[in-house]
Amino acid sequence: MKKIYMDYGSSTVVDAEVIQDMIPYFNEDYGNASSIHSYGRKAFDAIEKAREQVANIINAEPDEIVFTSGGTESDNLAIKGIAEKYDHEKNTKGYQIITSSVEHPAVLETCKYLEEKGFNIKYLSVDKYGIIDLDELEKSISKDTFLISIMYANNEIGTIQPIKEIGKIARKNNILFHTDAVQAIGKIPIDINELNIDLLSISSHKIHGPKGVGALYIRRAVKLQTISHGGGHEKGIRSSTYNTPGIVGLGKACEISKKNMQKDVEKITKLRDNLIQNLQDIQESYLNGHPEKRLCNNVHFRFTGIEGESLNLMLDDKGIAAATGSACSSKKLKPSHVLMALGLKPEEAHGSLRLTIGKYTTKEEIEYTSKVIPEIVNKLRVMSPLWNR
Amino acid sequence: MSDIYTEKVKDHFMNPRNVGEIKDADGVGTVGNPTCGDVMTIYLKIKDEKIIDIKFKTFGCAAAIASTSIATEMVKGKTLDEAYRLTREDVAQELGGLPAIKMHCSNLAADALKKAIDDYRKK
């Protein structure tokens, strides 16, 4: 049976070149990068090379990169680390954080945690495409606001936020700006200086690097409180023995991503548009997210009258790996908070399908998927009491 | 396909039995709520207090579809009293078990069936 991977937004295959670069740090230069001997020094050098490769993809300096265990830890470190530097008393700069209602749980849950600790969190609403309202952002800023955390691009519906404008507003008001760029890295050229970004989260496994490693960019002048105490690694910001193979893999993945970005994005965008066009031909199918301001690899649809888990399982039976925002597939049995924030009804959110493609997606795979989805949608509609066209 | 489901669930999900509507049904029962993600309707054709035909339509996850499908098979040909005694547990057991999280939200076929029988008896 055909096997087609259309879930690049969840994770990606590790590139062969990345694996090759990682291997020596498992079984040759396996020393602790903090050790003084030659094993340790080799590991140390490899990590510093990776730091440069990661810095390069966002036009940062290597000493502004802190390695973490992934996107979630980067988000936690950025938000809690900054928050802990401030008081959380009313009428002090330190009281309020502004974020959005469509953030990844790594940001949303961290903010909720801080809310319980006494911080004031403003969750900006979004329009029907998932874009925040810049006026609402400006109006929400008070003298108490010390941090804005808005994602670069949404992990579910692929909508890209007006990052440049947000950065300008943050800078003008002397507020720190963090962005979760986990989905944007490698798909959008990012220059942290041009965009006035102070903190930026990166994950390795979304860009053909290994899992379990990520990075946080921290602008040089920005100080934050560590959330993992220990041996003082990463200038005391993030203690933990260096995951040398993982870090080397992340570095290489960033290097490859940057080198091929233009070519890859061009190819992927074409395939995405093709797939969107084909799925729009299905009766009562709706594209979620913004038609243009969207990630080059994101296709997100909802189909009236059917439920997402069923759709996904039937796709899986045809060899297609996809994702859904349906409650039935989530542990909480609640429809996706992102789809609900767009103003969709729960039954609309239940019928959603996310296809995220990548640099290895082929034209043939798009054609096959475009043929299979309408058949499955039809099969499910025939048995749906909510469909009687 | 996901391992959270038994082979029997997968079979009834991929090849559901008795899908459809009965235009001149003697009893119809709908349960569930689109908000929760599961809605099912059962149609009954009844003769001499026996279910001679049964059809269903379900909007929902694999567990919802499979449980309605198998429930229709379990009661076809049965008397109304027998069918009325069918429980959610019977349906889940016949499917070889359902994930705990699906037991209360998606396993509604027995409820829909009772509602359809009530509907017939009220007429």
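Start with the two domains of chain A: the C-alpha centres of domain 1 and domain 2 lie 28 Å apart. The model is predicted. To colour the domains, select residues 4-11 together with 261-382 for domain 1 of chain A. Then select 16-257 for domain 2 of chain A.

**Stop 1: between the domains**

Zoom in on where the two domains of chain A meet. Here 21 residues of domain 1 are in contact with 23 residues of domain 2. Stay on the domain 1 side. Select helix H8 (244-280), strand E10 (298-303) and helix H10 (337-341) of chain A; each supplies at least two residues of the side that touches domain 2. Now colour that side of domain 1 by residue class. You will find seven nonpolar, 11 polar and three charged residues.

**Stop 2: a helix with a buried face**

Move on to helix H7 of chain A, residues 163-172. Show Ile163(A), Ile166(A), Gly167(A) and Ala170(A): these residues are buried. How do the buried residues of H7(A) lie when seen down its axis? Turn the view to look along the axis. The buried residues fall within an arc of 100°, so they line one face of H7(A).

Helix H6 (134-140), strand E5 (145-149) and strand E6 (176-180) of chain A are among the covering elements.

**Stop 3: Gly308**

Jump to Gly308(A), in helix H9 of chain A. Is Gly308(A) buried or exposed? Gly308(A) counts as buried, because it has 29 C-beta neighbours inside 10 Å, and the cut-off for buried is 20 or more. Gly308(A) and Leu353(A) are 45 residues apart along the chain, yet their C-alpha atoms are separated by 6.1 Å.

**Stop 4: chain A meets chain B**

The contact between the chains takes 20 residues from chain A and 22 residues from chain B. On the chain A side, select helix H9 (308-317) and helix H11 (346-350), the elements that give two or more residues. Which element gives the most to this side? H9(A) does, with five residues. Finish by colouring the chain A side by class: 10 residues are nonpolar, five polar and five charged.

Methods. Residues numbered from 1 in each chain as written. Chains lettered and ligands numbered in written order. Predicted model: local features only at pLDDT ≥ 70, side-chain atom pairs only at ≥ 80, totals over all residues. Domains from an automatic or database assignment. Contact = placed C-beta atoms within 7 Å. Helix = DSSP H or I, 4+ residues; strand = E, 2+ residues; numbered from the N terminus. Nonpolar A, V, L, I, M, F, W, Y, C, P; charged D, E, K, R; others polar. Buried ≥ 20, exposed ≤ 12 C-beta atoms within 10 Å, placed from the backbone. Arc of directions from axis to C-beta.
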